[in-house]
Amino acid sequence: MTIALLITTFNRPGYLQKCLSSLKYADLSQLSVILIIDDGSTDTETLIIIDSFAETLGFDNINVIKSAENEGIKKSLLLGYELLFGIDYDNNICDRRKFACDIVINLDSDAIVRKDFVAKLLEAYAKYSHKSKIITGFHSTTKNANGSERHLIIDRDELTYLKRSVGGINICIDKEVYIKAVKPALLMPGNWDHNACLSSGGAYCLKESVIDHIGFKSSMNHTERPDVADDFYFHHIDNVTLLCVDGRGGDYINFPILKSAKRIKFAAVVKLTPPINNVEQYSRFVLKESYKYITTTHCLIVQSDGYVVNPEAWQDSWLQYDYIGAPWWYKDEYNVGNGGFSLRSKRLLEICAGDPVINLTHPEDHHICRTYRKYLEETYMISFAPENVASIFSYEGYKQKGNKFDGQFGFHGKRYLNVEKYNSKKMCVINQFRGLGDILFLVPLVRAIINNGIEVTWPIHPEYISIAKHFPDINMVDMQTIDIDYRTNVQMMTRYGVVLPYRYAMEIMKRKMVDCMRSKYELYGHSYLMWRNLTWKRFPDKEQRLCDFLRLPTKFILLNRHFAEAKRSMSIVPEIKSTLPIIEMETIPEYSLIDWCSVIERATEIHTANTSLLYILEIMPLTMPIHLYRRGISGENAFEHTDYLYTKPYILH
């Protein structure tokens with residue numbers, strides 16, 4: 001069979017670049033041809049990316065067709081399918097090219113793929129092709145804004161779900177299904193993917209996603225929340241434990257875990273906070289004690305200044321080595337490597353812990369890789385990765401200021417993290433590190449910046465960084481890892497890009513406190529009404545665990561007394577007349593504000609200070625009475641600074 005990959009795109013270079021990056025690491029050996037349809041892109045960066053498409057991907061048979069003007073996704077898909085299936089298609093965009101493929105896999109340019117996505121889709125096609133239905137590798141559980149099921153599951157087996165409909169981000173079809181279901185849907189009004197699924201009698205969806213949707217600005221102007229695949233990972237590494245050891249705990253340990261496990265599913269995640277107070281104690285613990293907590297063949301050690309930055313780059317071949325770490329600055333054969341971000345076998349950990357010859361412990365990576373390397377190689381046949389492999393695995397910033405990111409799996413040394421693209425004019429930093437409500441309010445604006453092809457870094461105060469998991473499309477980082485002057489209220493250029501001072505918008509625009517929120521949008525000419533496009537990723541299992549932990553009664557009042565940052569510890573005095581039991585919102589380790597969504601939905605009545613929770617309540621489809629209390633702090637004696645954001649009939653106090 002001849003297999004084709006069809007990619008449609010229009011502007012949005014940031015998404016297209018990420019799509020191509022994921023394809024670069026994918027196994028495309030079963031494809032015969034790749035066809036990209038550019039629907040009249042006008043963005044210069046998009047055109048450059050498209051022009052270098054073949055070189056970027058390293059695939060021989062790539063065809064690019066550029067439309068003279070933007071005609072929409074349906075026209076692009078129609079053209080691509082007709083050409084790839086070898087159907088006569090009269091058009092003025094290009095000459096007629098006949099590929100006569102047996103199967104076409106489509107991919108939106110705002111999607112990313114797992115390495116084995118082609119093989120997994122073809123496996124499903126081989127099993128279900130006789131049923132003449134659409135097949136997809138994109139399993140989205142996203143619900144509609146009103147809480148209803150968007151893609152209803154009507155049947156299932158060990159490999160797939162049969163859904164009533166699926167998103168058109170990715171489908172795998174043959175010519176029969178195209179003519180029967182997809183082509184008519186592309187020619188009629190409405191959502192083509194939904195209509196095609198109805199005509200096909202549903203779609204088979206892989207239970208484990210091999211495709212994910214990263215775009216949050218729909219070319220079809222959808223108003224609903226975008227489809228995302230909660231179960232998408234670039235890799236499932238069944239024999240590696242993700243390990244972080246830090247006596248300080250908190251975000252020193254949570255942040256590198258969050259970054260490293262964002263797109264990789266490890267066999268286990270181990271966070272250790274032993275009573276260690278200095279680097280010498282850390283080294284001894286890692287060298288002599290860490291093996292006790294590892295049950296897999298290998299572990300990946302991360303630190304607050306060393307973690308995964310390019311999850312696609314993982315290679316299973318690295319597991320043949322007992323130790324890989326970024327090359328150091330030495331000029332001898334003992335140059336591999338740094339331990340702050342390193343892959344180690346459990347066998348190596350056990351040997352280092354148990355061999356009395358290995359008695360020097362600090363710095364532990366120096367002694368493993370330099371002091372005792374020859375001994376480990378000769379006595380135990382321990383295998384250290386060669387320098388060329390270690391250079392792909394990670395790079396070291398310490399004492400190597402000139403090092404640049406070049407697609408490595410990870411890095412170590414935050415002070416000299418120098419990703420080359422940071423020097424581009426297409427980079428910016430969002431200076432709004434504090435105020436959870438302010439952060440939530442700005443999310444749609446930041447997404448609009450990203451949709452314009454700009455790479456965004458958003459430093460967040462450690463108190464709020466747990467919110468990052470709910471916005472996987474935005475690069476939220478611990479502000480301690482970004483070395484800029486957060487106190488400045490001017491737009492300035494840094495090595496991370498242009499800093500946009502949204503935190504100081506009210507002062508810059510010389511507005512009063514009542515305009516503090518809307519001024520953030522109006523600072524650069526946006527409408528504050530955009531904020532209502534706020535969406536977030538939910539984690540149903542975690543929400544349920546919180547509900548179980550709270551032992552929710554059937555009916556209850558949800559009370560949020562607190563506002564402002566934790567160190568100020570400010571609260572309101574509620575006026576509750578009901579006799580129902582009260583569940584109070586408190587900070588619970590490992591749970592973010594958004595993890596309270598299920599609790600919010602189950603409440604009979606809500607009482608809250610006029611604080612960050614307001615932005616969650618405004619977006620969620622809620623019908624229970626909501627009591628909103630003024631904060632009563634300087635400049636906020638009423639609700640003027642937020643009342644123009646309300647759409648619900650709040651009971652104001």
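**Exercise 1. List the contacts of Phe117, leaving aside its neighbours within four places in sequence.**

Solution. Contact means heavy atoms within 4.5 Å. By that test Phe117 touches Leu5, Leu23, Ala26, Leu28, Ile105, Val210 and Ile211. The model is predicted: local features need pLDDT of at least 70, side-chain atom pairs count only at pLDDT 80 or more, and totals for chains, interfaces and linings use all residues. Residues are numbered from 1 along each chain as its sequence is written, and side-chain values use heavy atoms, with hydrogens and water left out.

**Exercise 2. Find which residues touch the most other members of the largest nonpolar core.**

Solution. Start with the term. A nonpolar core is a set of buried Ala, Val, Leu, Ile, Met, Phe, Trp, Tyr and Cys residues joined through side-chain atoms within 4.5 Å. Buried means under 20% relative accessible area (1.4 Å probe, protein chains only). The largest core has 127 residues, and Leu23 and Phe117 touch the most other members. Next, look at helix α14 (residues 436–451): its 10 residues are the largest share of this core. Helices are DSSP runs of H or I, at least four residues; strands are runs of E, at least two; both are numbered from the N terminus. Finally, a second, separate core has 31 residues, among them Ala4, Ile73, Cys197 and Ala203.

**Exercise 3. Give the strand order of the five-stranded open sheet and explain its edges.**

Solution. Strands pair if DSSP finds at least two bridges between them. The order is β13-β12-β14-β16-β15, with mixed pairing. β13 (264–272) and β15 (323–325) each have a single partner strand, so one side of each lacks a neighbour in the sheet. Now go inside: β14 (residues 298–302) and β16 (residues 342–345) pair antiparallel over four bridges. There, Leu300 stands opposite Leu343 in β16. Helix α10 (residues 346–354) packs on the sheet and touches β14, β15 and β16. The direction of α10 makes about 75 degrees with that of β16. Axes are lines fitted to C-alpha atoms, for helices over the stretch in contact; angles run from 0 to 180 degrees between N-to-C directions.

**Exercise 4. Classify the aromatic pair of Phe232 and Phe234.**

Solution. Rings of Phe, Tyr and Trp (its six-membered ring) pair if their centres lie within 6.5 Å; planes under 30 degrees apart are stacked, over 60 edge-to-face, the rest tilted. Here the centres are 5.3 Å apart and the planes make 80 degrees, so by definition the pair is edge-to-face. Both Phe232 and Phe234 are buried. The whole structure holds 29 aromatic pairs.

How values were computed. Buried < 20%, exposed > 50% of the residue type's maximum accessible area, 1.4 Å probe, protein only.
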